[in-house]
Amino acid sequence: MNNLILLDIDGTLIKGKFKRSSEAFYENIKMQAIKEVYKINVNIDWRIIQGKTDQQIIIDALTEANLNRYYIKQYLNKCIDTIIEKFADNLDDYYAEPLQGVKNLLDIFRAKGELIGLVTGNIEKVARMKLNKAGIMDYFEFGGFGNEDILRSKLIRNAIDKASSSSKFQKKDNVYYFGDSPKDIQAAKEANVYSVAVATGVYDVNELKEHQPDILIEEYSDSSINKVIKSIYYNNY
């Protein structure tokens, strides 16, 4: 294995939604869990949380509601567990599928023997439920998840540490992080890894280009996948 390939989930690997429910239903689940655990109503706007980890979303919402930071942390794990339970309770109503071309890209990396992992703001058990629904969980052996830290760059480092401890992988100039938001690009830079920005989420190519990713593609078309492969294996940036 020469490279470590890390990928975000929502908007990067899959598109998912709850049937007969709003696109923001996962945020509603978080708000319900916060109300149940902390006995307070908060508002989570999906339009302004793109790229944040679930843990950061919870802490930010409660901090804005003027809750004591110690009190927030005291019940944070309980809140995370409640989110997992509520997501699982609604799993039959959740639909997810890989973005067009994603499986082609993953199959290429798998055929080359690369180590493939996740870095996502999602809580780990929620991430696994989403990818199982989309039918692509078996591509991923490990990851960095939103219940581990508030910073996405730390999740990248966590994933690298797991890769290093579970295989012969050694970090050099050989880690690539795929994401669909400016925060993904920023996190890659902070973690000192290559950023691969894909305009498959809410941000278009021009918006992502402003943040200077190492590799930028619009979608997972054959030509875009070829661009990624040339960049990674032939240093054609």
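In the predicted model described here, the side chains of Arg152 and Asp8 meet in a salt bridge (3.3 Å, N to O), a term that stands for a side-chain nitrogen of Lys or Arg within 4 Å of a carboxyl oxygen of Asp or Glu. This pair links distant parts of the chain, with Arg152 in helix H7 (residues 152–166) and Asp8 in the loop between strand S1 (4–7) and strand S2 (14–18), 144 residues apart; helices (H or I, at least four residues) and strands (E, at least two) are DSSP runs, numbered from the N terminus. Arg152 counts as buried at 8% relative accessibility, and Asp8 is buried with a relative accessible area of 6%. Here buried means under 20% relative accessible area, exposed over 50%, and partly exposed in between (1.4 Å probe, protein chains only). Residues are numbered from 1 along each chain as its sequence is written. Because the model is predicted, local features need pLDDT of at least 70 and side-chain atom pairs count only at pLDDT 80 or more, while totals for chains, interfaces and linings use all residues; side-chain values use heavy atoms, with hydrogens and water left out.

Across the whole structure, the search finds 11 salt bridges. One of them joins the side chains of Asp54 and Lys30 (2.9 Å, N to O). Asp54 lies in helix H2 (residues 54–64) and Lys30 in helix H1, so this pair ties together parts that are 24 residues apart in sequence. Both Asp54 and Lys30 are buried. Salt bridges that share partners also join Asp8, Arg152 and Asp184 into one network. Another salt bridge is formed by the side chains of Lys15 and Glu97 (3.3 Å, N to O), with Lys15 in strand S2 and Glu97 in strand S3 (residues 94–98), 82 residues apart. Lys15 counts as partly exposed at 47% relative accessibility, as does Glu97 at 27%.

Aromatic side chains come next. A search of the whole structure finds 11 aromatic pairs, where rings of Phe, Tyr and Trp (its six-membered ring) pair if their centres lie within 6.5 Å, and planes under 30 degrees apart count as stacked, over 60 as edge-to-face and the rest as tilted. The rings of Tyr38 and Tyr71 have their centres 5.8 Å apart and their planes at 75°, so they make an edge-to-face pair. Tyr38 lies in helix H1 (residues 25–38) and Tyr71 in helix H3 (residues 69–74), so the pair ties together parts 33 residues apart in sequence. Tyr38 is buried, with a relative accessible area of 4%, whereas Tyr71 counts as partly exposed at 31% relative accessibility. Tyr38 also pairs with Tyr75: the ring centres are 6.4 Å apart and the planes are at 85°, so this pair is edge-to-face. Tyr75 sits in the loop between H3 and helix H4 (76–89) and is partly exposed, with a relative accessible area of 29%. Elsewhere, Phe18, Phe25, Tyr26, Phe87 and Tyr94 form one aromatic cluster.

Most residues other than glycine have a negative phi. Asn192, in the loop between helix H8 (182–190) and S7, has a positive phi of about 60° although it is not a glycine, and Asn192 is exposed, with a relative accessible area of 61%. Gln212, found in the loop between H9 and strand S8 (215–217), has a positive phi of about 55° and counts as exposed at 59% relative accessibility.
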